[in-house]
Amino acid sequence: MSKWKIVKIEEEEERWILSIDGGGIRGIIPSLILDYLDKALKEKGDKRPLYSHFDLIAGTSTGGIIAAVLSAPIFDTSLLHRELGDNVKVYKTEKHLFKQQKKIFLGEIPQRVEISQIKKLYMEHGKDIFEPKMKLFGSLFSEKYNESSFEFFLHRTFQAGMLNDLLIPTLIVSYNPKGSTPYLFKSYENNSIFIRDALRATSAAPMYFSPSKIENTALLDGGLIANNPVILAYQEARKLYPNCKKFHLLSLSTLSPKLSLDVTQLSGGLAGWAEPITKIYSNAQLEMADIAASALPNTEYIRIWKEFEGEKIKLDDIRSESLQKLSKMGEDLITDKQEVLNDVVSRLATRPLAEEFPLEVKLLEDHTH
């Protein structure tokens, strides 16, 4: 028998926010970065699960899936199932009579997913996420992919997990086209929503999947409004932690390529602009997120991104050679940003546990009767 208990451990004046971009199958890249951070922390002797180092985790589309995976409950039949290691025990030290110190057990931080499994989800189940529809006229009058297959993948992964089962404040971004506003799923507010339903909504990319309905509201992919959700994450963090003196925003890209386009060479009209305009919009949105996040007061913005040359990999390209190329791109990005990532690891490893962190407390059997 167990229960959850919020234990105040230490005053925290700085907060760490993890933000993960959308990008379909390119989620392989941030999954590799997270695996690197996790292993580097373990090498420093920090046995805490990766999610517990952050005060808020935010994600859009594929980034939302990764954000949820980090601290989701793991059911026996889940795709994430594994033999869990020992939970991390948490103590505090109190001074007692004659200045003797006593360690007092507060609770345990539950282990969750093995971080290396996140990449495995993409490598082994990309075909389940992007299963083509069998249709007479191709994608002309219908979405490209079978949402039933994608929904089954989400069900197998997260099963009956609810948003409030996530162990760290988690923000998942979708888009409400009727109100032209972001639709935010919050683990700390949306208690009656399945994780899988929030993730279906954040991933409902037009032309790829049909819209998702939540409480009679048709929702689309969060990438339409915030493919890099860092600004929305910052706004939520300000509400959650109003006394914070400094925010550290760790933003993981999916290596969406920067656009280089000579518009003078376009033929003009619908035929000339139909394809380029979507790329221009997506690129401009990412650029603006970077500019805005870099200008936030009392904030450190750490963006893990670099430009790559060569063939661009589309968000639904699940060919074996493309998956291998994405893995190589992720490894190269880690090498390029290794100094920055190692600095992040050093600082995370020395962070105290946040004061609001939920600890699982084992209850002793009652032998009084």
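**Helix packing and a pocket: a tutorial**

Tutor: In this predicted model, the axes of helix H1 (residues 28–43) and helix H10 (residues 338–349) come within 10 Å and cross at roughly 50°.

Student: How is the relative orientation of H1 and H10 to be described?

Tutor: An angle is placed in a class; those under 35 degrees count as roughly parallel and those from 65 to 115 as roughly perpendicular, with oblique in between. H1 and H10 are therefore oblique to each other, and their crossing is right-handed.

Student: Which residues of H1 and H10 meet?

Tutor: On the H1 side they are Ile33, Tyr36, Leu37, Ala40 and Leu41; on the H10 side they are Gln338, Leu341, Asn342, Val344, Val345, Leu348 and Ala349. Sorted by class, this contact has ten nonpolar and two polar residues, and no charged ones.

Student: At what angle do helix H2 and helix H3 pack?

Tutor: Helix H2 (residues 62–71) packs with helix H3 (residues 116–129) at an angle of about 140°, and their axes are 10 Å apart. Roughly antiparallel applies to angles over 145 degrees, so H2 is oblique to H3. The crossing of these two helices is right-handed. H2 contributes Thr62, Ile65, Ile66, Val69 and Leu70 to the contact, and H3 contributes Ile118, Leu121 and Tyr122. By class, the contact of H2 with H3 has seven nonpolar residues, one polar residue and no charged residues.

Student: What is the geometry of helix H4 and helix H5?

Tutor: The axes of helix H4 (residues 147–158) and helix H5 (residues 195–202) come within 9 Å, crossing at roughly 140°. That angle makes H4 oblique to H5, and H4 passes H5 in a right-handed crossing.

Student: How do the residues of the contact of H4 with H5 divide by class?

Tutor: The contact is made by Glu147, Phe150, Glu151, Leu154, His155 and Phe158 of H4, together with Ile195, Arg196, Leu199 and Arg200 of H5. Five of these residues are nonpolar, one is polar and four are charged. The contact of H1 with H10, by comparison, has no charged residues, and the contact of H2 with H3 likewise has none.

Student: Turning to pockets, what volume does the second largest pocket have, and how many residues line it?

Tutor: A pocket can be read through its volume and its lining. The second largest pocket has a volume of about 430 Å³. Its lining consists of 21 residues, and Leu166, Leu167, Ile168, Pro169 and Pro358 lie nearest its centre.

Student: Which classes of residue make up the lining of the second largest pocket?

Tutor: The lining has 14 nonpolar, two polar and five charged residues.

Key:
Residues are numbered from 1 along each chain as its sequence is written. This is a predicted model: local features need pLDDT of at least 70, side-chain atom pairs count only at pLDDT 80 or more; totals for chains, interfaces and linings use all residues. Side-chain values use heavy atoms; hydrogens and water are left out. On a 1 Å grid over the protein atoms alone, a cavity is a set of points where a 1.4 Å probe fits but cannot get out, and a pocket is an open set with protein on both sides within 12 Å along at least five of seven lines; lining residues have an atom within 4 Å of a point. Grid points are joined across faces, edges and corners, and a volume is the space filled by probe spheres set on the points. Ala, Val, Leu, Ile, Met, Phe, Trp, Tyr, Cys and Pro count as nonpolar, Asp, Glu, Lys and Arg as charged, and the others, Gly among them, as polar. Axes are lines fitted to C-alpha atoms, for helices over the stretch in contact, and angles run from 0 to 180 degrees between N-to-C directions. Helices (H or I, at least four residues) and strands (E, at least two) are DSSP runs, numbered from the N terminus. A crossing is left-handed if the near helix is turned anticlockwise from the far one by less than a right angle, and right-handed if clockwise. Contact means heavy atoms within 4.5 Å.
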